[in-house]
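Visitor: Could you take me through this model and give, for each term you use, the rule behind it?

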Amino acid sequence: MTTNTTAPAAAAGTWQLGSFEVNRLGFGAMRLMSTSDGGIRARETSLAVLRRAVELGVNHFDTAAFYFAGPRSANELLNTALAPYDDLVITTKIGPGRDYEGNFYTARPDQLRAQVEENLRELGLDHLDVVNYRIGQSLDRGTGSLAEGFGVLAELREAGLIRELGISNVGPEHLTEALAIAPVVCVQNQYGLTARREDDELVRLCAERRIAFVPFFAVASGTGEDTRVAEVARRHDVTAAQVRLAWTLHQGPNVLAIPGTGDVGHLEQNVAAAALKLTDEDLAALG
Ligand SMILES: NC(=O)c1ccc[n+]([C@@H]2O[C@H](COP(=O)([O-])OP(=O)(O)OC[C@H]3O[C@@H](n4cnc5c(N)ncnc54)[C@H](OP(=O)(O)O)[C@@H]3O)[C@@H](O)[C@H]2O)c1
């Protein structure tokens, strides 16, 4: 796979996600379907966001079969806008699921293969690039062993249905447990400048092991007005969301960003944040 190093999304560099090279600035598909007031986005708007992301050099897309709202499905939108996905890496997550009425459930280990196949059907693929095993039922970090479910995914990887595995909503103990079963290329947890800083240690642990740390809610965890963020944003003439993304990308070369949006203007700002260099003074001010 070749990466266009002059594309805006390449400005923060690349990371080797197992066998895939991706730009560190990626895209999360969870916000594609709905507007912030709960309305359904126009289908053409969501498709335009995805196509613009690729034009800007985004080549890492995060999704899930349970990302749907009314008639819109993130996987279907990705398939329509991006298939055959030349040089793009699609990361999905399983564990949580939603029935046809939209109610969430947590898959038993023996249901995980069906969730993998659901993603294959929706994305129109015969193998998945990266699959995160997401544990826990809420945004509280998952507890208990992930070994049985992760073992099922390791078998599906051996069978060729999945190329690379990650884990999500986890602590360091889960990483140790998973690594004893199969290689782990990424950890996806909630984390940001003002959220879940107890994971600073897990970020470092992942860096030591050359594993990507891929935070979610890097923008959304900090929507409350923060004067430190506002001050740094003023210095660089950028938005608070861009400062939060740049801060994320400054946490180490293994930290990837997957900001989610259904708005082309926000997408362009998020991608531009890949080029935003924070100074030592900025980083100190942000704490
Ligand atoms: N593993 C897990 O458990 C898990 C959980 C949640 C999410 N995820 C993944 O992580 C991705 C990132 O999370 P996210 O999409 O919720 O969070 P995010 O990127 O932190 O924030 C998205 C929110 O911020 C707004 N936003 C985005 N860019 C903005 C900008 N430049 N200026 C102002 N507002 C902006 C979006 O609204 P607009 O649409 O109006 O821009 C949306 O409300 C998701 O898309 C999903 O793929 C994983």
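Visitor: Which residues touch the most other members of the largest nonpolar core?

Guide: Of the 76 residues in that core, F61 and L153 touch the most other members. A nonpolar core is a set of buried Ala, Val, Leu, Ile, Met, Phe, Trp, Tyr and Cys residues joined through side-chain atoms within 4.5 Å, and buried means under 20% relative accessible area, exposed over 50% and partly exposed in between, with a 1.4 Å probe and protein chains only. This is a predicted model, in which local features need pLDDT of at least 70 and side-chain atom pairs count only at pLDDT 80 or more, whereas totals for chains, interfaces and linings use all residues. Residues are numbered from 1 along each chain as its sequence is written, and side-chain values use heavy atoms, with hydrogens and water left out.

Visitor: What does F61 touch, not counting residues up to four places away in sequence?

Guide: With contact taken as heavy atoms within 4.5 Å, the partners of F61 include F27, L50, L78, I90 and T91. A second, separate core has twelve residues, among them L17, V89, L256 and I258.

Visitor: Why is the pair of Y191 and F213 called edge-to-face?

Guide: Rings of Phe, Tyr and Trp (its six-membered ring) pair if their centres lie within 6.5 Å, and planes under 30 degrees apart count as stacked, over 60 as edge-to-face and the rest as tilted. By this rule there are six aromatic pairs. One of them, F66 with Y67, is edge-to-face at 5.2 Å centre to centre and 75° between the planes. For Y191 and F213 the centres are 5.3 Å apart and the planes stand at 80°, so this pair is edge-to-face. Y191 lies in the loop between strand 12 and helix 6 and F213 in strand 13 (residues 212-213), so the pair ties together parts 22 residues apart in sequence; helices (H or I, at least four residues) and strands (E, at least two) are DSSP runs numbered from the N terminus.

Visitor: How do you know whether Y191 is buried or exposed?

Guide: Its relative accessibility is 1%, so Y191 counts as buried, and F213, at 0%, counts as buried by that rule.

Visitor: What makes the buried residues of helix 5 line one face of the helix?

Guide: The buried residues of helix 5 (residues 172-179) are H174, L175 and A178. Seen down the helix axis they fall within an arc of 105°, so they line one face; the arc is that of the directions from the axis to the C-beta atoms. These residues pack against helix 4 (147-158), strand 11 (162-168), strand 12 (186-188) and helix 6 (200-208).
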